[in-house]
Amino acid sequence: DWPLLDEHLRAGLELQAMDHRRTLAGETGGFAVVNLTLSSREVLPGLFASFSAYNLLDEEYGDPGGQEHAQDAILQDGRTLLFRLAWRP
């Protein structure tokens, strides 16, 4: 968690990594996913804002499927963006 803009904005960076895993018919590859979140102090009294980018680098990867799935590996979401406003009285 790093302060930016005189501590009015903070940045958080996360790395998630997974080695290859077995599937019913073989294995998935390993992967690494980077997530980034920017969050503000109060924009207005009681109002907070944040912006997150999950899977920032748009890594393509899958999780092993089970016998109930048609796919051997289930493709996971690519880059996902989230903007959040929260009000706290």
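Aspartate 58 sits in the loop between S6 and S7, with helices (H or I, at least four residues) and strands (E, at least two) taken as DSSP runs and numbered from the N terminus. This is a predicted model, where local features need pLDDT of at least 70, side-chain atom pairs count only at pLDDT 80 or more, and totals for chains, interfaces and linings use all residues. Residues are numbered from 1 along each chain as its sequence is written, and side-chain values use heavy atoms, with hydrogens and water left out.

Most residues other than glycine have a negative phi. Aspartate 58, though not a glycine, has a positive phi of about 55°. Asparagine 55 also goes positive, with phi near 55°, and it belongs to the loop between strand S6 (47–54) and strand S7 (62–64). As for cover, buried means under 20% relative accessible area, exposed over 50%, and partly exposed in between (1.4 Å probe, protein chains only). Asparagine 55 counts as buried because its relative accessibility is 4%, while aspartate 58, at 40%, is partly exposed.

Turning to the surface, Phe51, Leu81, Phe83 and Leu85 make up a nonpolar patch with about 440 Å² of accessible area together. Such areas come from the Shrake-Rupley method with a 1.4 Å probe, and for residues only the protein chains shown count as cover. Strand S9 (residues 80–87) supplies the largest share of the nonpolar patch, 3 residues. Phenylalanine 83 is found in strand S9 and, with a relative accessible area of 57%, is exposed.

Technical notes:
Patch = residues over 30% accessible without salt bridge, like charges linked within 9 Å, V, L, I, M, F, W, Y side chains within 5 Å. Salt bridge = Lys/Arg side-chain N within 4 Å of Asp/Glu carboxyl O.
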